[in-house]
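Please read the model below alongside this walk-through.

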Amino acid sequence: MNCFEVSNRTGDNGVRGVFPVTSLLSHSCSPNVRMAFRNDATCQGTCSNRCVAAVDVEEGQDLTVAYLHLHMGTKERRERLKDWFFLCACDRCKDPTEFGTWQDAVRCFKNDCKKGFLLPENPLDFGSLWKCGDCGESSDSSLVKNLVEELLEEKNTLDRSDLQSYLDFLDRVEKKLHENHYVLNATRRWILPLYCRMMANNKAGNLVTEDMLEKKLEMCRKYLYILDRVERGLTKNRGRESNIYVNL
Ligand SMILES: [Zn+2]
Ligand SMILES: [Zn+2]
């Protein structure tokens, strides 16, 4: 039986709730149900939970929710899901491209291969070879794992309020990963609120250039493209990103 993190309205003290029926729902990395929690202002009183279909559900189809955040690539999600004592084999995990989003794809390691990307031959096998769809070169999974871990580590050392250092990181890393890779998206997810804050504080209007606005829109577009495919229905993430997209 699972419990759920329930954030209160003040947004600072999350609590955990056990809801007898919804706690029994299975996980999917592209769920067909989303949760809607209801609580009082301090979450000291009764919290209730509703399940809302995120997409049309066929009769007899399993109802599924996500046990973790969905922005990670398959390899990392499946590693983390081991904490729940199962290896996910949902439709998204089975598809090397993750519904055409390529969130785990890294640029081919072969020097003269300019356009190829590596993806696991079998995403359900942690030790699977990674193969380039362009030149056919294979790479060991440990090489890809090391590269991604190194980049994540580098990202985590950046000054969290320094927009320029995130933009520089993005520029550097785009040369090593697919443009939709989840490390890049995690970086964009952080950059977008920094952009918004900067624009909101820019009363004189002289700091924001056309180029910045274009960059911000492009980041939103890339992020929404992925959410549209893996986080179906009306979710908080999609709402937040759409709001950033339309509020220049
Ligand atoms: Zn899965
Ligand atoms: Zn290649």
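What follows is a tour of domains, strands, helices and a few single residues.

The model is predicted, so local features need pLDDT of at least 70 and side-chain atom pairs count only at pLDDT 80 or more, while totals for chains, interfaces and linings use all residues. Residues are numbered from 1 along each chain as its sequence is written, and chains are lettered from A and ligands numbered from 1 in the order in which they are written.

Start with the domains. Eleven residues of domain 2 are in contact with nine residues of domain 3. Contact here means that the C-beta atoms of two residues, placed from the backbone, lie within 7 Å. On the domain 2 side, the touching residues comprise five nonpolar, three polar and three charged. In this scheme Ala, Val, Leu, Ile, Met, Phe, Trp, Tyr, Cys and Pro are nonpolar, Asp, Glu, Lys and Arg are charged, and the others, Gly among them, are polar.

Now the strands. Helices (H or I, at least four residues) and strands (E, at least two) are DSSP runs, numbered from the N terminus. Two strands pair if DSSP finds at least two bridges between them. Strand S4 (residues 33-38) and strand S5 (residues 48-53) are antiparallel partners, with six bridges. Within this pair, Met-35 faces Cys-51 of S5. How many of the six residues of S5 are buried? The number is zero, so S5 lies largely in the open. A buried residue has 20 or more other C-beta atoms within 10 Å of its own, an exposed one 12 or fewer, and a partly exposed one falls in between, with C-beta atoms placed from the backbone.

Move on to the open sheet of four strands. Its order is S7-S8-S9-S10, and its pairing is antiparallel. Strand S7 (106-107) and strand S10 (138-139) are the edges, each pairing on one side only. Strands of a sheet pair through backbone hydrogen bonds, either parallel or antiparallel. Two bridges link S7 to strand S8 (residues 117-120), and these strands run antiparallel. Arg-107 stands opposite Phe-117 in S8. Val-106 has Leu-118 of S8 as its bridge partner. On its other pairing, S8 is joined by three bridges to strand S9 (residues 130-132), again antiparallel. There Pro-120 stands opposite Trp-130 in S9.

Look at both faces of S8. Phe-117 and Leu-119 lie on one side, Leu-118 and Pro-120 on the other, and all are buried. In a regular strand the side chains alternate between the two faces of the sheet.

Phe-99 sits between helix H2 (91-94) and S7. Its phi is positive, about 60°, although Phe-99 is not a glycine. Phe-99 counts as partly exposed, because 16 C-beta neighbours lie inside 10 Å. Trp-102 is also in the loop between H2 and S7. Phi of Trp-102 is near 60°, a positive value in a residue other than glycine. Is Trp-102 buried or exposed? Trp-102 is buried, because 21 other C-beta atoms lie within 10 Å.

Asp-140 belongs to the loop between S10 and H3. With 13 C-beta neighbours inside 10 Å, Asp-140 is partly exposed. Eleven residues separate Asp-140 from Leu-151 along the chain, and their C-alpha atoms are 18 Å apart.

The axes of helix H3 (residues 141-156) and helix H5 (residues 182-201) come within 10 Å and cross at roughly 10°. Axes are lines fitted to C-alpha atoms, for helices over the stretch in contact, and angles run from 0 to 180 degrees between N-to-C directions. H3 and H5 are therefore roughly parallel to each other. That term covers angles under 35 degrees; over 145 is roughly antiparallel, 65 to 115 roughly perpendicular, and the rest oblique. From H3, Val-148, Leu-151, Leu-152 and Lys-155 meet Val-183, Ala-186 and Thr-187 in H5. The residues of this contact are five nonpolar, one polar and one charged.

Finish at helix H4 (residues 163-173), where Leu-167 is placed. Leu-167 is partly exposed, with 17 other C-beta atoms within 10 Å. Leu-167 and Thr-187 lie 20 residues apart in sequence, and C-alpha to C-alpha they are 8.6 Å apart in space.
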